[in-house]
Structure formats: structure tokens, C-alpha cells
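Below is a short report on one protein chain. It goes through the fold element by element and then turns to single residues.

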Amino acid sequence: MKDVKIGGGWKGELGDQFEQPYFKELTDFVREEYQKATVYPAPKNLFRAFDETPFDLVKVVILGQDPYHGPDQANGLCFAVNPGVKAPPSLQNIFKELESDLGRPVDRDPDLIRWAKQGVLLLNATLTVNARTPGSHQGKGWEQFTDAVIKKLNDKKEGIVFILWGNYAKQKGVHIDRTKHLVIESPHPSPFSAHSGFFGSKPFSKANSYLEQRGERGVEW
């Protein structure tokens with residue numbers, strides 16, 4: 001799979017994945033879906049999370065599940081949507097918790113590129129989805145690929161903050177070495193679960209406190 005276009009130094013870290021049979025099958029599946037159906041995000045944004053947040057700069061990982069499946073929403077960064085698009089309910093709740101956590105108003109630009117540029121890897125477990133069909137690309141190989149991403153970060157780096165919202169993310173982070181990294185877990189910011197412990201969990205200040213204790217710059221959320 002020499003033609004995979006992924007930046008930020010990730011190709012060297014993940015090259016072994018691109019050569020595996022599962023990734024060829026995944027690539028064939030995704031390419032066919034793009035040809036016959038409406039698939040999100042746009043192909044140019046497929047690996048945007050990696051392009052915007054180089055491997056060497058990763059300090060925080062926020063883990064999502066699927067891309068958004070509505071028009072003009074998914075942009076390759078989990079929980080984010082394009083500028084000018086109304087923030088979906090989960091992102092609205094993320095902003096609410098962020099303002100409560102920090103005790104001040106925050107930038108509510110829904111693109112979240114400002115986080116990615118500071119070393120926050122906004123990673124969905126599944127990187128593509130068919131329009132109006134959540135979960136439609138699950139079980140095709142993306143999960144194996146993103147498990148490899150998490151394992152590479154876990155093994156090769158120290159002091160990363162992994163923010164895991166909801167049971168799906170918690171299960172995906174079960175093998176993270178918590179003696180080397182900080183894992184922050186809470187319910188998902190979805191309206192169905194945000195009031196069950198997401199609100200009040202203070203993940204943003206906890207992340208910055210950990211980073212600053214390690215002598216690193218916190219994230220300007």
C-alpha cells in the first residue's frame with residue numbers, strides 16, 4: 001500500500017500496517033464505497049487528524065467512534081465539523097463542559113483545528129461512514145488500524161493524555177499503560193449520557209495539569 005497519503009511522520013510509524021492484508025481489503029472496500037455511495041468525510045480529509053497532528057507532537061488523544069454522517073459535518077477530526085456548520089449536540093456539550101471546567105468563555109469554532117495544531121490527536125476509531133448510516137463502515141478494518149495507532153503511541157511515547165468518553169472509547173483504551181500515560185475516562189458527551197458524569201468531569205483542566213507537571217505546555221483549549 002505504497003500510495004497511502006498520510007502526513008505528519010505517521011507513514012513511517014504505521015508503514016507496517018499499510019502492508020498487511022487487512023489494510024488492502026479495507027482500502028478496496030472504502031474505495032468502492034466512495035464510488036457507489038456518499039461517504040464522509042471527503043477523501044482529502046480521510047487522514048486529516050494525522051496530517052494536522054504530527055506523531056512527534058502528540059500530547060493528547062481524544063477518541064471518537066464514527067465520523068458524523070450528515071451533510072457538511074465530518075471533516076476528519078473527531079467531534080469537529082467545518083467552520084460555519086452548527087455544532088452537533090455532543091460538540092455543544094463539549095464546549096459547555098470546557099467553559100465550566102475553565103471558568104471562562106471559550107472559542108466555539110467547531111472545526112477544532114486549533115486543538116489539533118497544538119498536539120491534540122482527534123481520532124475516530126472508524127475513519128469513514130456512509131451518509132445517514134452510522135456504523136456502516138465498522139468491522140471493515142479501521143478498528144484494527146486505529147488500535148495500531150494507539151499501540152504505537154502507547155509504546156513509543158510517554159506522558160500522553162488519553163481522553164476516553166463513553167464505553168466504546170474505554171474499551172479501545174484498555175491496553176494503554178497507565179504507568180506511562182494519563183487516562184481520563186467519563187461518560188460520552190452525547191445528550192443521552194452527558195448528565196451521567198460527563199458534565200463536571202473536568203477533562204481539560206486535568207489534562208493541562210498533568211502536562212504542566214511534566215514540564216510541558218498545556219493546551220490552549
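The report covers a helix, a strand pair, the nonpolar core, salt bridges and some backbone details.

## A predicted model

The structure is a predicted model. Every value here is computed from its atoms.

Helix H2 runs over residues 21-36. H2 has 16 residues and spans 23 Å from first to last C-alpha, close to the 22 Å expected at 1.5 Å a residue. Its buried residues are Tyr22, Phe23, Leu26, Thr27, Phe29, Val30 and Glu33. They sit on the same side of H2, because they cover an arc of only 165° around the axis. The face turned away from that buried side carries Pro21, Glu25, Gln35 and Lys36, which are exposed.

What covers the buried side? The cover for the buried residues of H2 includes helix H1 (10-18), strand S1 (39-40), strand S4 (129-130) and helix H6 (142-156). Valine 30 gives a detailed view. Valine 30 is buried, with a relative accessible area of 5%. Beyond its neighbours within four places in sequence, valine 30 is in contact with Thr128 and Trp142. Valine 129 is 99 residues from valine 30 in sequence, yet their C-alpha atoms are 9.2 Å apart.

Strand S3 covers residues 120-124, and five of its five residues are buried. Val120, Leu122 and Asn124 point one way from S3, while Leu121 and Leu123 point the other way. In a regular strand, side chains alternate between the two faces of the sheet. Both sets in S3 are buried.

S3 pairs with strand S2 (residues 60-64). The pairing is parallel and runs over five bridges. Within it, leucine 63 stands opposite leucine 123.

## The nonpolar core

The largest nonpolar core has 67 residues. Which of them touch the most other members? Ile62 and Phe145 do. Leaving aside neighbours within four places in sequence, isoleucine 62 contacts residues including Val120, Leu121, Leu122 and Leu123. Among its other contacts are Cys78, Phe79, Trp115, Ile163, Trp165 and Trp221. In soluble globular proteins, nonpolar side chains tend to be buried together.

## Salt bridges

The whole structure holds 14 salt bridges. Side chains of opposite charge can pair when their charged atoms come close. Arginine 31 meets aspartate 28 at 3.6 Å, N to O. Both lie in H2, three residues apart, about one turn of the helix. Arginine 31 is partly exposed at 38% relative accessible area, and aspartate 28 is partly exposed at 35%.

Lysine 36 meets glutamate 33 at 3.3 Å, N to O. They too are three residues apart in H2, so about one helical turn separates them. The two ends differ in setting. Lysine 36 counts as exposed, at 57% relative accessibility. Glutamate 33 counts as buried, at 8%.

Arginine 48 and aspartate 111 form a salt bridge at 3.2 Å, N to O. This pair links distant parts of the chain, 63 residues apart. Arginine 48 is in helix H3 (residues 48-52), and aspartate 111 is in the loop between helix H4 (89-102) and helix H5 (113-116). Both residues are buried. The two belong to a network of salt bridges that links Arg48, Glu52, Asp111 and Lys117.

## Backbone details

Most residues other than glycine have a negative phi, and most peptide bonds are trans. Where does this model depart from that? A cis peptide bond joins tyrosine 40 and proline 41, with omega about -5°. Proline 41 lies in the loop between S1 and H3.

Phenylalanine 79 has a positive phi of about 70° although it is not a glycine. It lies in the loop between S2 and H4 and is buried, with a relative accessible area of 10%. Leucine 112 also has a positive phi, about 65°, and is not a glycine. Leucine 112 sits in the loop between H4 and H5. It is buried, with a relative accessible area of 1%.

## Serine 201

Serine 201 lies in the loop between strand S6 (182-186) and helix H8 (203-213). Not counting residues up to four places away in sequence, serine 201 touches Glu97, Ser186 and Lys206.

Key:
Residues numbered from 1 in each chain as written. Predicted model: local features only at pLDDT ≥ 70, side-chain atom pairs only at ≥ 80, totals over all residues. Heavy atoms only, no water. Helix = DSSP H or I, 4+ residues; strand = E, 2+ residues; numbered from the N terminus. Contact = heavy atoms within 4.5 Å. Buried < 20%, exposed > 50% of the residue type's maximum accessible area, 1.4 Å probe, protein only. Pairing = 2+ DSSP bridges. Salt bridge = Lys/Arg side-chain N within 4 Å of Asp/Glu carboxyl O. Core = buried A, V, L, I, M, F, W, Y, C linked by side-chain atoms within 4.5 Å. Expected span 1.5 Å × (residues − 1). Arc of directions from axis to C-beta.
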